[in-house]
Amino acid sequence: MTVRSIACTALLDGPGYAPRGPGRLTLRDGRIAAVEALGGGEEAAEPLFALPAPVNAHDHGRPVRSSSFGAGGKPLEVWLHYLALLPSVDPYLAAAASLGRSALGGAGAVMVHYTRTQGLTPLPEEAAEVARAACDVGLRIAFAVALKDRNPLVYGPSEELLALLPDEARREFARRTAAPPPSPAEQIRLVEEVAAAAAGELVDVQYGPTGVQWCSPELLQEVADASARTGRRVHMHCLETRYQRAWADRQFPDGLFPYLKRIGLLSPRLTLAHCTWIRPEEMDILAETGVTVSVNTGSNLGLRSGIAPLAEMVSRGCRVALGLDGLALNEDDDALGEMRLANALHRGWGFEGAVEEAQMLRIALANGRASVTGREEGGVIAPGQPADLLLLDAGALDSDRLLDRHLGGLCLRDLLFARAGASHIAELLVAGRTVVRRGQVTGIDHPAVQAELLARLRHGMAGSAALQAALPALEDAMRRYYAAAPCC
(Lines give C-alpha, C1' and ligand atoms only; values in the text may rest on other atoms or scores of the structure.)
Protein backbone atom coordinates (compact mmCIF):
# COMPACT_ATOMS: atom_id res chain seq x y z
CA MET A 1 0.00 0.00 0.00
CA THR A 2 1.36 3.43 -1.04
CA VAL A 3 0.30 6.36 1.17
CA ARG A 4 1.26 10.02 0.90
CA SER A 5 0.09 13.09 2.78
CA ILE A 6 0.26 16.57 1.21
CA ALA A 7 -0.32 19.60 3.43
CA CYS A 8 -1.02 22.49 1.08
CA THR A 9 -1.75 26.18 1.46
CA ALA A 10 -4.82 26.01 -0.75
CA LEU A 11 -6.75 23.67 -3.03
CA LEU A 12 -9.69 23.67 -5.41
CA ASP A 13 -12.23 21.53 -3.60
CA GLY A 14 -14.83 19.25 -5.17
CA PRO A 15 -16.86 19.62 -8.38
CA GLY A 16 -17.48 23.32 -7.75
CA TYR A 17 -13.73 24.06 -7.57
CA ALA A 18 -14.25 26.16 -4.47
CA PRO A 19 -10.98 27.56 -3.13
CA ARG A 20 -10.18 26.13 0.29
CA GLY A 21 -7.16 26.15 2.53
CA PRO A 22 -5.05 25.23 4.19
CA GLY A 23 -5.76 21.54 3.79
CA ARG A 24 -4.29 18.09 3.75
CA LEU A 25 -4.70 15.54 0.97
CA THR A 26 -4.15 11.90 1.79
CA LEU A 27 -3.35 9.71 -1.23
CA ARG A 28 -3.57 5.93 -1.08
CA ASP A 29 -2.86 3.48 -3.92
CA GLY A 30 -3.30 6.05 -6.67
CA ARG A 31 -6.49 7.63 -5.33
CA ILE A 32 -7.48 10.45 -3.02
CA ALA A 33 -8.32 8.86 0.31
CA ALA A 34 -9.18 12.00 2.29
CA VAL A 35 -9.44 15.78 1.99
CA GLU A 36 -9.24 17.54 5.36
CA ALA A 37 -8.86 21.07 6.68
CA LEU A 38 -5.66 21.83 8.55
CA GLY A 39 -6.22 23.16 12.04
CA GLY A 40 -4.04 25.65 13.83
CA GLY A 41 -2.29 23.02 15.92
CA GLU A 42 -1.33 20.78 13.00
CA GLU A 43 1.76 20.80 10.85
CA ALA A 44 2.45 23.86 8.75
CA ALA A 45 1.21 23.72 5.18
CA GLU A 46 3.67 23.78 2.32
CA PRO A 47 3.30 26.74 -0.07
CA LEU A 48 1.43 24.61 -2.60
CA PHE A 49 -1.82 25.23 -4.48
CA ALA A 50 -3.46 21.92 -5.45
CA LEU A 51 -5.84 21.45 -8.36
CA PRO A 52 -6.83 18.49 -10.53
CA ALA A 53 -4.37 17.82 -13.34
CA PRO A 54 -5.52 19.40 -16.62
CA VAL A 55 -6.62 17.26 -19.56
CA ASN A 56 -5.39 17.72 -23.12
CA ALA A 57 -8.45 16.34 -24.89
CA HIS A 58 -7.10 16.67 -28.44
CA ASP A 59 -3.51 16.22 -29.57
CA HIS A 60 -1.40 14.12 -31.90
CA GLY A 61 1.85 13.40 -30.06
CA ARG A 62 3.91 15.21 -32.68
CA PRO A 63 7.65 14.96 -32.06
CA VAL A 64 8.57 18.60 -32.66
CA ARG A 65 7.04 22.08 -33.00
CA SER A 66 5.76 22.67 -36.51
CA SER A 67 7.17 26.19 -36.89
CA SER A 68 10.64 24.62 -36.62
CA PHE A 69 10.32 23.25 -40.15
CA GLY A 70 8.60 26.15 -41.87
CA ALA A 71 4.92 25.44 -41.18
CA GLY A 72 4.31 28.36 -38.81
CA GLY A 73 1.34 30.56 -39.71
CA LYS A 74 0.17 28.32 -42.58
CA PRO A 75 -3.53 27.53 -43.00
CA LEU A 76 -4.41 23.98 -41.96
CA GLU A 77 -4.98 22.72 -45.49
CA VAL A 78 -1.35 23.30 -46.56
CA TRP A 79 0.12 22.96 -43.05
CA LEU A 80 -0.86 19.28 -43.02
CA HIS A 81 1.42 18.61 -45.98
CA TYR A 82 4.38 20.33 -44.30
CA LEU A 83 4.28 17.57 -41.67
CA ALA A 84 5.55 15.13 -44.30
CA LEU A 85 8.90 16.95 -44.19
CA LEU A 86 9.73 15.13 -40.97
CA PRO A 87 11.63 11.87 -41.47
CA SER A 88 10.57 8.69 -39.71
CA VAL A 89 12.24 8.18 -36.35
CA ASP A 90 12.01 5.67 -33.52
CA PRO A 91 8.39 5.86 -32.27
CA TYR A 92 9.35 5.49 -28.61
CA LEU A 93 11.74 8.43 -28.93
CA ALA A 94 9.16 10.62 -30.68
CA ALA A 95 6.41 9.78 -28.19
CA ALA A 96 8.62 10.19 -25.12
CA ALA A 97 9.73 13.64 -26.31
CA SER A 98 6.17 14.74 -27.03
CA LEU A 99 4.57 13.32 -23.88
CA GLY A 100 7.42 14.64 -21.76
CA ARG A 101 6.62 18.14 -23.03
CA SER A 102 2.94 17.54 -22.24
CA ALA A 103 3.83 16.54 -18.69
CA LEU A 104 6.05 19.59 -18.24
CA GLY A 105 3.11 21.67 -19.43
CA GLY A 106 0.90 20.25 -16.69
CA ALA A 107 -1.38 17.80 -18.52
CA GLY A 108 -2.05 14.55 -16.71
CA ALA A 109 -4.09 12.97 -19.52
CA VAL A 110 -3.46 13.41 -23.26
CA MET A 111 -5.35 12.40 -26.38
CA VAL A 112 -2.94 11.04 -29.00
CA HIS A 113 -4.86 11.03 -32.28
CA TYR A 114 -2.19 9.17 -34.21
CA THR A 115 -2.62 10.71 -37.64
CA ARG A 116 0.99 10.40 -38.81
CA THR A 117 2.80 7.11 -38.23
CA GLN A 118 6.55 6.58 -38.28
CA GLY A 119 6.00 3.46 -40.40
CA LEU A 120 9.20 1.67 -39.43
CA THR A 121 7.24 -1.32 -38.07
CA PRO A 122 3.62 -2.51 -38.29
CA LEU A 123 1.26 -0.13 -36.52
CA PRO A 124 0.45 -2.44 -33.57
CA GLU A 125 4.17 -2.62 -32.75
CA GLU A 126 4.52 1.15 -33.14
CA ALA A 127 1.50 1.74 -30.91
CA ALA A 128 3.03 -0.51 -28.25
CA GLU A 129 6.13 1.70 -28.26
CA VAL A 130 3.99 4.82 -27.85
CA ALA A 131 2.19 3.12 -24.94
CA ARG A 132 5.55 2.21 -23.39
CA ALA A 133 6.64 5.85 -23.64
CA ALA A 134 3.41 7.00 -21.99
CA CYS A 135 3.90 4.55 -19.13
CA ASP A 136 7.54 5.58 -18.65
CA VAL A 137 6.60 9.27 -18.60
CA GLY A 138 3.62 8.43 -16.39
CA LEU A 139 0.71 10.01 -18.29
CA ARG A 140 -2.71 8.65 -19.11
CA ILE A 141 -3.26 8.65 -22.88
CA ALA A 142 -5.79 7.69 -25.47
CA PHE A 143 -4.33 6.22 -28.65
CA ALA A 144 -6.85 6.94 -31.42
CA VAL A 145 -5.96 5.00 -34.58
CA ALA A 146 -6.29 7.34 -37.56
CA LEU A 147 -8.79 6.10 -40.15
CA LYS A 148 -9.23 7.69 -43.59
CA ASP A 149 -9.91 6.70 -47.19
CA ARG A 150 -10.51 9.79 -49.34
CA ASN A 151 -9.50 13.36 -50.22
CA PRO A 152 -5.74 13.13 -49.55
CA LEU A 153 -4.94 16.56 -51.05
CA VAL A 154 -8.05 18.74 -50.96
CA TYR A 155 -11.74 18.33 -50.12
CA GLY A 156 -12.56 16.92 -53.51
CA PRO A 157 -10.89 15.10 -56.41
CA SER A 158 -7.09 15.36 -56.22
CA GLU A 159 -6.92 15.80 -60.01
CA GLU A 160 -8.40 19.29 -59.73
CA LEU A 161 -5.54 20.44 -57.50
CA LEU A 162 -2.85 18.52 -59.37
CA ALA A 163 -3.87 20.32 -62.56
CA LEU A 164 -2.90 23.62 -60.93
CA LEU A 165 0.65 22.49 -60.10
CA PRO A 166 3.82 22.77 -62.20
CA ASP A 167 5.15 19.46 -63.54
CA GLU A 168 7.70 18.58 -60.84
CA ALA A 169 5.37 19.45 -57.97
CA ARG A 170 2.53 17.56 -59.68
CA ARG A 171 4.64 14.43 -59.91
CA GLU A 172 5.76 14.76 -56.26
CA PHE A 173 2.24 14.98 -54.85
CA ALA A 174 0.74 12.47 -57.26
CA ARG A 175 3.35 9.97 -56.08
CA ARG A 176 2.66 10.70 -52.44
CA THR A 177 -1.09 10.14 -52.77
CA ALA A 178 -1.11 7.24 -55.24
CA ALA A 179 -1.43 4.31 -52.84
CA PRO A 180 -5.01 3.08 -52.40
CA PRO A 181 -6.29 3.11 -48.81
CA PRO A 182 -7.19 -0.11 -46.96
CA SER A 183 -10.85 -1.08 -46.94
CA PRO A 184 -13.09 0.08 -44.08
CA ALA A 185 -13.22 -3.46 -42.68
CA GLU A 186 -9.41 -3.73 -42.75
CA GLN A 187 -9.08 -0.42 -40.92
CA ILE A 188 -11.50 -1.49 -38.19
CA ARG A 189 -9.58 -4.75 -37.73
CA LEU A 190 -6.37 -2.76 -37.38
CA VAL A 191 -7.84 -0.87 -34.42
CA GLU A 192 -8.49 -4.14 -32.61
CA GLU A 193 -4.94 -5.32 -33.35
CA VAL A 194 -3.58 -2.07 -31.91
CA ALA A 195 -5.76 -2.50 -28.83
CA ALA A 196 -4.41 -6.01 -28.28
CA ALA A 197 -0.84 -4.68 -28.50
CA ALA A 198 -1.06 -1.37 -26.65
CA ALA A 199 -4.12 -0.99 -24.38
CA GLY A 200 -3.54 -0.96 -20.62
CA GLU A 201 -4.33 0.79 -17.37
CA LEU A 202 -2.96 4.11 -18.64
CA VAL A 203 -3.72 3.61 -22.36
CA ASP A 204 -7.20 3.58 -23.93
CA VAL A 205 -7.29 2.63 -27.64
CA GLN A 206 -9.99 4.33 -29.72
CA TYR A 207 -11.31 4.64 -33.26
CA GLY A 208 -9.88 7.81 -34.82
CA PRO A 209 -11.64 8.72 -38.08
CA THR A 210 -9.69 11.77 -39.16
CA GLY A 211 -12.74 13.77 -40.23
CA VAL A 212 -15.89 13.48 -42.30
CA GLN A 213 -14.11 15.07 -45.27
CA TRP A 214 -11.42 12.37 -45.13
CA CYS A 215 -13.69 9.36 -44.51
CA SER A 216 -16.10 7.73 -46.93
CA PRO A 217 -19.70 7.07 -45.81
CA GLU A 218 -18.82 3.37 -45.74
CA LEU A 219 -15.93 3.95 -43.33
CA LEU A 220 -17.98 6.22 -41.07
CA GLN A 221 -20.74 3.61 -40.92
CA GLU A 222 -18.21 0.90 -40.04
CA VAL A 223 -16.86 3.08 -37.22
CA ALA A 224 -20.34 3.81 -35.86
CA ASP A 225 -21.28 0.13 -35.94
CA ALA A 226 -18.01 -1.02 -34.37
CA SER A 227 -18.24 1.56 -31.57
CA ALA A 228 -21.82 0.50 -30.77
CA ARG A 229 -20.79 -3.15 -30.80
CA THR A 230 -17.61 -2.86 -28.71
CA GLY A 231 -18.24 0.25 -26.59
CA ARG A 232 -14.94 1.64 -27.82
CA ARG A 233 -14.78 5.44 -27.98
CA VAL A 234 -14.42 7.49 -31.17
CA HIS A 235 -12.31 10.63 -31.69
CA MET A 236 -12.73 12.73 -34.85
CA HIS A 237 -11.95 16.19 -36.24
CA CYS A 238 -15.00 18.21 -37.22
CA LEU A 239 -15.54 21.57 -38.96
CA GLU A 240 -12.09 22.88 -38.12
CA THR A 241 -11.90 25.36 -41.02
CA ARG A 242 -14.24 27.37 -43.17
CA TYR A 243 -13.30 25.21 -46.17
CA GLN A 244 -14.45 22.08 -44.32
CA ARG A 245 -17.70 23.89 -43.47
CA ALA A 246 -18.29 24.72 -47.14
CA TRP A 247 -17.51 21.15 -48.22
CA ALA A 248 -19.88 19.72 -45.60
CA ASP A 249 -22.69 22.01 -46.72
CA ARG A 250 -22.25 20.86 -50.31
CA GLN A 251 -22.00 17.16 -49.43
CA PHE A 252 -24.84 17.09 -46.89
CA PRO A 253 -27.60 19.43 -48.05
CA ASP A 254 -29.91 17.97 -45.36
CA GLY A 255 -27.30 18.67 -42.68
CA LEU A 256 -24.05 17.06 -41.55
CA PHE A 257 -25.13 16.35 -37.99
CA PRO A 258 -28.50 14.84 -38.86
CA TYR A 259 -26.52 12.48 -41.12
CA LEU A 260 -24.03 11.59 -38.37
CA LYS A 261 -26.92 11.01 -35.97
CA ARG A 262 -28.74 8.84 -38.50
CA ILE A 263 -25.79 6.48 -38.96
CA GLY A 264 -25.36 6.16 -35.19
CA LEU A 265 -22.06 8.01 -34.79
CA LEU A 266 -23.33 10.66 -32.38
CA SER A 267 -23.27 9.32 -28.84
CA PRO A 268 -21.57 9.95 -25.48
CA ARG A 269 -18.73 7.75 -26.81
CA LEU A 270 -17.80 10.39 -29.41
CA THR A 271 -15.44 13.35 -29.04
CA LEU A 272 -15.33 15.91 -31.84
CA ALA A 273 -12.23 18.09 -32.05
CA HIS A 274 -12.58 21.78 -32.97
CA CYS A 275 -16.17 22.45 -34.19
CA THR A 276 -14.87 25.93 -34.98
CA TRP A 277 -17.54 26.53 -37.64
CA ILE A 278 -20.49 24.82 -35.96
CA ARG A 279 -23.95 26.41 -36.03
CA PRO A 280 -26.42 26.86 -33.13
CA GLU A 281 -28.87 24.19 -34.25
CA GLU A 282 -25.95 21.76 -34.62
CA MET A 283 -24.83 22.48 -31.06
CA ASP A 284 -28.31 21.47 -29.91
CA ILE A 285 -27.91 18.08 -31.61
CA LEU A 286 -24.55 17.51 -29.93
CA ALA A 287 -25.97 18.47 -26.54
CA GLU A 288 -28.90 16.11 -27.04
CA THR A 289 -26.69 13.16 -28.02
CA GLY A 290 -24.04 13.68 -25.31
CA VAL A 291 -21.09 14.28 -27.64
CA THR A 292 -17.98 15.96 -26.18
CA VAL A 293 -16.45 18.86 -28.11
CA SER A 294 -12.73 19.49 -27.63
CA VAL A 295 -12.04 23.14 -28.41
CA ASN A 296 -8.44 23.95 -29.42
CA THR A 297 -8.10 27.69 -29.03
CA GLY A 298 -4.39 28.26 -29.57
CA SER A 299 -4.20 25.81 -32.46
CA ASN A 300 -7.15 27.42 -34.25
CA LEU A 301 -5.47 30.82 -33.95
CA GLY A 302 -2.10 29.49 -35.09
CA LEU A 303 -3.58 27.73 -38.13
CA ARG A 304 -5.83 30.65 -39.07
CA SER A 305 -8.91 28.49 -38.59
CA GLY A 306 -11.03 30.83 -36.46
CA ILE A 307 -12.43 31.04 -32.94
CA ALA A 308 -14.84 28.32 -31.85
CA PRO A 309 -18.13 29.52 -30.26
CA LEU A 310 -17.27 27.98 -26.90
CA ALA A 311 -19.57 30.17 -24.81
CA GLU A 312 -22.59 29.39 -26.97
CA MET A 313 -21.76 25.68 -26.88
CA VAL A 314 -21.79 25.87 -23.07
CA SER A 315 -25.02 27.86 -22.96
CA ARG A 316 -26.72 25.27 -25.18
CA GLY A 317 -25.68 22.40 -22.92
CA CYS A 318 -22.77 20.93 -24.88
CA ARG A 319 -20.08 19.07 -22.99
CA VAL A 320 -16.97 21.11 -23.84
CA ALA A 321 -13.35 20.16 -23.15
CA LEU A 322 -10.00 21.75 -24.04
CA GLY A 323 -7.26 20.44 -26.30
CA LEU A 324 -3.85 21.81 -27.21
CA ASP A 325 -3.50 20.10 -30.60
CA GLY A 326 0.29 20.46 -30.42
CA LEU A 327 -0.09 24.19 -31.09
CA ALA A 328 -0.63 26.06 -27.84
CA LEU A 329 -0.18 29.79 -28.34
CA ASN A 330 3.57 29.67 -27.65
CA GLU A 331 4.03 26.10 -28.94
CA ASP A 332 4.99 25.17 -25.39
CA ASP A 333 2.33 22.59 -24.41
CA ASP A 334 1.33 24.80 -21.47
CA ALA A 335 -2.08 23.47 -20.40
CA LEU A 336 -2.66 26.28 -17.90
CA GLY A 337 -1.79 28.87 -20.52
CA GLU A 338 -4.32 27.29 -22.89
CA MET A 339 -7.00 27.46 -20.20
CA ARG A 340 -6.21 31.13 -19.60
CA LEU A 341 -6.36 31.90 -23.33
CA ALA A 342 -9.73 30.19 -23.69
CA ASN A 343 -11.02 32.00 -20.61
CA ALA A 344 -9.87 35.39 -21.89
CA LEU A 345 -11.62 34.88 -25.23
CA HIS A 346 -14.87 33.42 -23.96
CA ARG A 347 -15.59 34.71 -20.44
CA GLY A 348 -17.64 37.65 -21.78
CA TRP A 349 -17.14 41.37 -22.31
CA GLY A 350 -17.55 44.21 -19.85
CA PHE A 351 -19.85 43.35 -16.96
CA GLU A 352 -21.59 40.56 -18.86
CA GLY A 353 -20.42 37.06 -18.02
CA ALA A 354 -20.63 34.25 -20.59
CA VAL A 355 -18.52 31.46 -19.04
CA GLU A 356 -17.89 31.49 -15.31
CA GLU A 357 -14.52 30.52 -13.86
CA ALA A 358 -15.92 27.34 -12.30
CA GLN A 359 -17.29 26.34 -15.72
CA MET A 360 -13.92 26.98 -17.37
CA LEU A 361 -12.19 24.90 -14.72
CA ARG A 362 -14.56 22.02 -15.39
CA ILE A 363 -13.89 22.39 -19.13
CA ALA A 364 -10.12 22.27 -18.60
CA LEU A 365 -9.88 19.76 -15.77
CA ALA A 366 -12.80 17.32 -15.98
CA ASN A 367 -14.89 17.31 -19.15
CA GLY A 368 -12.22 15.75 -21.34
CA ARG A 369 -11.21 12.94 -19.01
CA ALA A 370 -13.63 10.36 -20.42
CA SER A 371 -12.49 11.39 -23.92
CA VAL A 372 -8.98 10.26 -22.98
CA THR A 373 -9.39 7.58 -20.34
CA GLY A 374 -12.74 6.09 -21.36
CA ARG A 375 -13.91 6.41 -17.74
CA GLU A 376 -16.28 8.92 -16.15
CA GLU A 377 -14.17 9.76 -13.12
CA GLY A 378 -11.58 12.25 -11.99
CA GLY A 379 -11.08 15.93 -12.60
CA VAL A 380 -12.06 16.86 -9.04
CA ILE A 381 -10.36 16.78 -5.66
CA ALA A 382 -12.60 14.54 -3.57
CA PRO A 383 -12.25 11.25 -1.70
CA GLY A 384 -12.28 8.22 -3.98
CA GLN A 385 -11.19 10.12 -7.07
CA PRO A 386 -7.97 9.36 -9.00
CA ALA A 387 -4.95 11.14 -7.53
CA ASP A 388 -4.21 13.10 -10.69
CA LEU A 389 -3.06 16.41 -9.24
CA LEU A 390 -1.18 19.51 -10.25
CA LEU A 391 0.64 21.26 -7.39
CA LEU A 392 1.57 24.86 -8.11
CA ASP A 393 4.21 26.84 -6.23
CA ALA A 394 1.92 29.25 -4.37
CA GLY A 395 4.77 31.56 -3.42
CA ALA A 396 5.93 31.91 -7.02
CA LEU A 397 2.36 32.34 -8.25
CA ASP A 398 1.90 35.31 -5.90
CA SER A 399 5.48 36.56 -5.82
CA ASP A 400 4.39 40.19 -5.19
CA ARG A 401 2.64 39.32 -1.88
CA LEU A 402 0.82 42.64 -1.58
CA LEU A 403 -2.31 41.42 0.21
CA ASP A 404 -2.52 39.98 3.69
CA ARG A 405 -4.33 37.00 2.20
CA HIS A 406 -1.53 36.47 -0.33
CA LEU A 407 -1.57 32.72 0.21
CA GLY A 408 -5.34 32.47 0.59
CA GLY A 409 -7.36 30.30 -1.77
CA LEU A 410 -9.54 33.07 -3.17
CA CYS A 411 -6.53 35.09 -4.28
CA LEU A 412 -4.74 32.08 -5.70
CA ARG A 413 -7.70 31.08 -7.87
CA ASP A 414 -7.76 34.65 -9.17
CA LEU A 415 -4.07 34.36 -9.99
CA LEU A 416 -4.63 30.99 -11.66
CA PHE A 417 -6.56 32.82 -14.39
CA ALA A 418 -4.34 35.90 -14.33
CA ARG A 419 -0.85 34.45 -14.69
CA ALA A 420 -0.47 30.73 -13.97
CA GLY A 421 1.63 28.68 -16.35
CA ALA A 422 4.06 25.82 -16.62
CA SER A 423 6.77 27.79 -14.81
CA HIS A 424 4.67 27.67 -11.62
CA ILE A 425 4.42 23.86 -11.52
CA ALA A 426 5.97 22.34 -8.42
CA GLU A 427 4.75 18.80 -9.08
CA LEU A 428 2.47 16.79 -11.36
CA LEU A 429 1.04 13.54 -10.05
CA VAL A 430 -0.85 10.90 -12.04
CA ALA A 431 -2.43 8.02 -10.14
CA GLY A 432 -0.43 9.23 -7.13
CA ARG A 433 2.91 8.90 -8.93
CA THR A 434 5.16 11.94 -9.29
CA VAL A 435 5.50 12.59 -13.03
CA VAL A 436 7.12 16.05 -12.91
CA ARG A 437 8.94 17.71 -10.05
CA ARG A 438 10.36 21.24 -10.27
CA GLY A 439 10.77 21.25 -14.03
CA GLN A 440 12.07 17.69 -14.43
CA VAL A 441 10.27 14.64 -15.83
CA THR A 442 10.95 11.92 -13.28
CA GLY A 443 10.41 8.79 -15.40
CA ILE A 444 12.75 9.55 -18.32
CA ASP A 445 15.77 11.72 -19.09
CA HIS A 446 13.72 14.16 -21.14
CA PRO A 447 16.58 16.51 -22.16
CA ALA A 448 18.54 13.51 -23.49
CA VAL A 449 15.47 12.18 -25.32
CA GLN A 450 14.85 15.59 -26.86
CA ALA A 451 18.48 15.99 -27.93
CA GLU A 452 18.59 12.53 -29.53
CA LEU A 453 15.30 13.13 -31.34
CA LEU A 454 16.45 16.45 -32.79
CA ALA A 455 19.76 14.94 -33.91
CA ARG A 456 17.92 12.22 -35.82
CA LEU A 457 15.44 14.67 -37.33
CA ARG A 458 18.23 16.98 -38.52
CA HIS A 459 20.05 14.04 -40.05
CA GLY A 460 16.96 12.83 -41.90
CA MET A 461 15.65 16.19 -43.15
CA ALA A 462 17.97 16.06 -46.16
CA GLY A 463 15.75 13.33 -47.58
CA SER A 464 12.85 15.73 -47.94
CA ALA A 465 14.48 18.13 -50.41
CA ALA A 466 12.04 17.37 -53.24
CA LEU A 467 9.05 17.95 -50.98
CA GLN A 468 10.55 21.17 -49.62
CA ALA A 469 10.91 22.44 -53.17
CA ALA A 470 7.32 21.48 -54.06
CA LEU A 471 5.51 22.91 -51.03
CA PRO A 472 5.47 26.59 -52.14
CA ALA A 473 3.81 25.52 -55.40
CA LEU A 474 1.27 23.48 -53.43
CA GLU A 475 0.44 26.46 -51.25
CA ASP A 476 -0.10 28.67 -54.29
CA ALA A 477 -2.28 26.02 -55.97
CA MET A 478 -4.35 25.54 -52.81
CA ARG A 479 -4.87 29.27 -52.52
CA ARG A 480 -6.31 29.30 -56.04
CA TYR A 481 -8.30 26.10 -55.53
CA TYR A 482 -10.09 27.27 -52.40
CA ALA A 483 -10.58 30.80 -53.73
CA ALA A 484 -12.51 29.30 -56.64
CA ALA A 485 -14.56 26.89 -54.51
CA PRO A 486 -17.90 28.03 -53.05
CA CYS A 487 -17.40 28.93 -49.40
CA CYS A 488 -19.52 29.70 -46.35
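This is a predicted model: local features need pLDDT of at least 70, side-chain atom pairs count only at pLDDT 80 or more; totals for chains, interfaces and linings use all residues.

Residues are numbered from 1 along each chain as its sequence is written, and side-chain values use heavy atoms, with hydrogens and water left out.

**Stop 1: helix H2**

Select residues 91–104, which form helix H2. Helices (H or I, at least four residues) and strands (E, at least two) are DSSP runs, numbered from the N terminus. The end C-alpha atoms of H2 are 20 Å apart, which agrees with the 20 Å that its 14 residues should span at 1.5 Å a residue. That expected span is 1.5 Å times one less than the number of residues.

Buried means under 20% relative accessible area, exposed over 50%, and partly exposed in between (1.4 Å probe, protein chains only).

Asp-90 caps the N-terminal end of H2, with a side-chain oxygen 3.1 Å from the backbone nitrogen of Tyr-92. After the helix comes Gly-106, with a positive phi near 105°.

**Stop 2: helix H3 and its packing**

Select residues 123–137 for helix H3. H3 has 15 residues and reaches 21 Å from first C-alpha to last, close to the 21 Å expected. Its buried residues include Leu-123, Pro-124, Ala-127 and Ala-131. Just after H3, Gly-138 has a positive phi of about 105°.

Show H2 and H3 together. Their axes are 8 Å apart and the packing angle is about 35°. Axes are lines fitted to C-alpha atoms, for helices over the stretch in contact, and angles run from 0 to 180 degrees between N-to-C directions. On the H2 side, the contact includes Tyr-92, Ala-95, Leu-99 and Ala-103. On the H3 side, Glu-126, Val-130, Ala-133 and Val-137 are among the residues involved. Contact means heavy atoms within 4.5 Å. The contact residues divide into 10 nonpolar, 1 polar and 4 charged.

**Stop 3: Ala-50**

Go to strand S5, residues 46–52, and pick Ala-50. Ala-50 counts as buried because its relative accessibility is 0%. Which residues does Ala-50 touch, not counting those up to four places away in sequence? They are Cys-8, Ala-10, Leu-11, Leu-12, Leu-25, Ile-381, Leu-390 and Leu-391.

**Stop 4: a cis peptide bond**

Most residues other than glycine have a negative phi, and most peptide bonds are trans. Select Gly-21 and Pro-22: a cis peptide bond joins them, with omega about -10°. Pro-22 lies in the loop between strand S2 (18–20) and strand S3 (23–28).

**Stop 5: the H11–H12 loop**

Move to Arg-304, in the loop between H11 and H12. Phi of Arg-304 is positive, near 60°. At 61% relative accessibility, Arg-304 counts as exposed.

Ser-305 is found in the loop between helix H11 (297–302) and helix H12 (310–315). Ser-305 counts as buried, at 3% relative accessibility. Beyond four places in sequence, its contacts include Leu-76, Glu-240 and Trp-277.

**Stop 6: Arg-401**

Finish in the loop between helix H16 (394–397) and helix H17 (409–418), at Arg-401. Arg-401 has a positive phi of about 50°. Its 44% relative accessibility counts as partly exposed.

Terms used: A polar contact is a pair of N or O atoms within 3.5 Å; within protein, one must be able to donate a hydrogen and the other to accept it, and residues adjacent in sequence count only if both atoms are side-chain atoms. Ala, Val, Leu, Ile, Met, Phe, Trp, Tyr, Cys and Pro count as nonpolar, Asp, Glu, Lys and Arg as charged, and the others, Gly among them, as polar.
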